[in-house]
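Subject: Handing over a structure

Dear colleague,

I am passing on a structure that will be new to you, and my notes on it follow below. Please keep it open beside the text as you read.

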Amino acid sequence: MKGYAGKLLRVDLSEGKISKEEISESMKKDFLGGRGFAIKLIWDEVKKIDPLSEQNKIVFATGPLSGQLLPSSGKMVIASKSPLTGGYGDGNIGTMASVHLKKAGYDMVVVEGRAERPSYLLIEDGNVKILEASDLWGKNTFEAQDILEKIHGRNSGILLIGPAGENLIRISTVMSQKGRAGGRPGMGAVMGSKNLKAVVIKGTGSIPNFDDEKLKQFGKKGYEEIKGKENYEFWMRQGTMQAFEWCNENGCLPTYNFKEGVFEFSKEMDGYVLEKLHIDRKGCPMCSMQCGHIIKDASAKRAELDYENVGMLGPNIGLRSLPQVALLNRMADEWGLDTISLGSCIGFLMEASERGVIPEKIGWGDFEAAQKLVREIGGGEGLGKLVYNGVRGASEIIGKGSNRWAMQVKGLEISAYNCHGCPGMALSFGTSPIGASHKDAWIIAWEISTDRFSYSKEKVQKLIEFQRIRGGFFESATVCRLPWVEVSFGLDWYPKYLEAITGNHMSWEDLYQIGDRIYNLIRAYWKREVPRFGRAWDDPPDRWFEEPPSQGKMKGVKIDRKKYEQMLSWYYELRGWDEDGIPLKETLDQLGLEEVSRELIM
Ligand code: SF4
């Protein structure tokens with residue numbers, strides 16, 4: 001099939017061995033790329049191991065759309081067995097590394113083993129080397145990026161970790177280009193456990209597509225369509241921060257560790273305030289709607305903001321100043337910490353302090369304390385030791401019922417949407433395949449604009465449709481979903497792009513089938529790796545069922561547990577899973593996953 005480099009690069013850090021393998025046609029046809037390639041490889045090769053042992057593998061995978069001349073295509077997926085959740089973990093990242101990897105002649109890189117000393121991987125087309133990184137170890141991601149750019153050139157694709165990943169903090173991510181981040185479920189710690197500071201990629205080749213001329217025309221039309229969209233101008237002014245005011249109005253802004261859904265100081269830090277502070281923008285390669293807004297942070301340095309990090313490091317910890325949030329966000333990026341999980345951990349600690357279940361006094365909105373916590377969490381010191389494994393881990397240490405307000409699902413912290421009044425979005429967090437990520441099924445806007453409080457089967461069907469598109473297609477293709485989500489860029493473009501690239505006609509039905517195969521394989525992986533895995537893993541935190549907010553539109557509203565359980569049962573039925581959420585043999589067989597069903601049953 002055209003449009004792929006057709007090669008997998010395998011690097012064994014323990015043996016210092018580098019090899020190249022063909023990627024089969026059936027792999028491309030059945031799993032498309034990105035997340036699809038990653039889960040197939042991880043299912044086949046990463047079995048019953050400790051995620052931080054040298055037996056784990058980390059995958060960097062592109063898809064057929066990655067790095068092509070079409071809207072927002074500069075993405076790749078980073079995946080591994082997660083040290084935070086114990087199951088399958090991944091995340092996409094916008095990076096020049098995605099563009100360079102295919103030009104270097106590979107669709108994916110698999111790194112296994114553990115280097116004896118701090119190392120980094122250099123991929124220059126066919127020339128691949130494992131190099132010494134002792135001088136880089138301990139450097140934050142901005143410093144290390146500068147050093148690597150100086151050595152290898154500013155245009156190199158660089159993926160790297162900060163001290164948090166080196167210290168095996170389970171909420172650490174992989175960073176790129178001083179602000180792009182990916183791999184929320186601890187992919188930074190997996191790199192750290194391998195003594196792998198960075199992957200530097202420089203590719204000079206090109207991948208022949210089926211019809212380059214057509215792709216060029218389609219790509220151009222796609223960019224033009226995006227620019228002409230009604231919401232484009234407003235998007236360019238506020239980006240994802242347009243969600244801030246909307247969430248506050250609808251009572252779903254995460255506030256005080258998700259106790260509330262409205263923030264009394266929201267007007268001091270919404271998208272309109274951001275517009276006034278904005279000095280520049282940043283984003284991923286190939287993107288015409290770059291969503292990273294740069295402002296001057298509280299120390300007058302350049303720092304980036306988007307809705308998720310403002311929600312989680314602002315209202316969720318009671319902080320009401322965008323420059324202060326921006327400073328925390330820059331610190332998180334430098335340390336290589338996931339900003340969503342970090343905001344959740346800090347909010348959790350502030351609530352633990354308020355409730356007196358820890359002796360330390362940390363007040364809501366205490367900026368000095370929050371900065372100290374970022375350093376302690378990144379360094380695995382002080383109170384950081386309590387949350388190094390996320391809020392689930394912290395609640396297991398503290399006990400005293402703190403699991404009820406540890407805002408996570410499957411071990412991954414919930415992103416910036418409070419769901420007391422959004423049962424569909426709660427189910428979306430509950431059933432997301434990597435833990436509580438909004439990336440797979442951000443149904444909240446549709447839910448609020450339709451019948452918000454219903455627990456209908458139609459809502460569950462819609463959720464599955466969203467998962468197929470977002471978590472199935474976009475994560476495998478691999479391109480950014482925001483043009484579709486935010487400015488209503490036409491979904492009908494994507495089969496056209498795929499056909500021009502690969503020569504294969506694939507309808508949305510075909511793509512849904514690939515998405516279902518990927519979801520089922522991820523679910524099977526959880527079951528194989530976590531033997532107790534089952535229905536309870538799809539439960540959102542008790543807070544949403546038991547403690548309604550005291551203010552705003554959602555005052556007094558909470559999720560009805562019985563009705564949530566009914567929706568979950570419908571979800572399983574529609575997915576072809578049993579009442580415990582485990583894929584049925586016939587479902588796996590229908591998707592061509594017969595070997596998986598045999599292994600699960602054994
Ligand atoms: S919209 Fe934002 S996340 Fe998506 S590709 Fe553009 S810059 Fe990256």
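**Helix α2**

In helix α2 (residues 34-45), twelve residues at 1.5 Å a residue should span 16 Å, and the end C-alpha atoms are 17 Å apart, which agrees. The expected span is 1.5 Å times one less than the number of residues in the helix; helices here are DSSP runs of H or I with at least four residues, strands are runs of E with at least two, and both are numbered from the N terminus. This is a predicted model, in which local features need pLDDT of at least 70 and side-chain atom pairs count only at pLDDT 80 or more, while totals for chains, interfaces and linings use all residues. Residues are numbered from 1 along each chain as its sequence is written, and side-chain values use heavy atoms, with hydrogens and water left out.

Because nine of its twelve residues are buried, α2 is largely enclosed by the rest of the structure, where buried means under 20% relative accessible area, exposed over 50% and partly exposed in between, with a 1.4 Å probe and protein chains only. The buried residues of α2 include G34, F37, L41 and W43.

Six strands form an open sheet of mixed pairing, in the order β2-β1-β6-β3-β4-β5, and two strands count as paired if DSSP finds at least two bridges between them. At the edges stand β2 and β5 (88-94), each with a single partner strand, so one side of each has no neighbour in the sheet. Within this sheet β1 (residues 7-12) and β2 (residues 17-22) run antiparallel and are joined by six bridges; D12 has K17 as its bridge partner, and G16, in the hairpin of β1 and β2, takes a positive phi near 70°.

The other open sheet has three strands in the order β13-β14-β15, with antiparallel pairing. Its edge strands are β13 (280-282) and β15 (302-305), each pairing on one side only. Helix α12 (residues 322-335) packs on this sheet, touching β14 and β15, and its direction makes about 95° with that of β15; contact means heavy atoms within 4.5 Å, and angles run from 0 to 180 degrees between N-to-C directions of lines fitted to C-alpha atoms, for helices over the stretch in contact.

With best wishes
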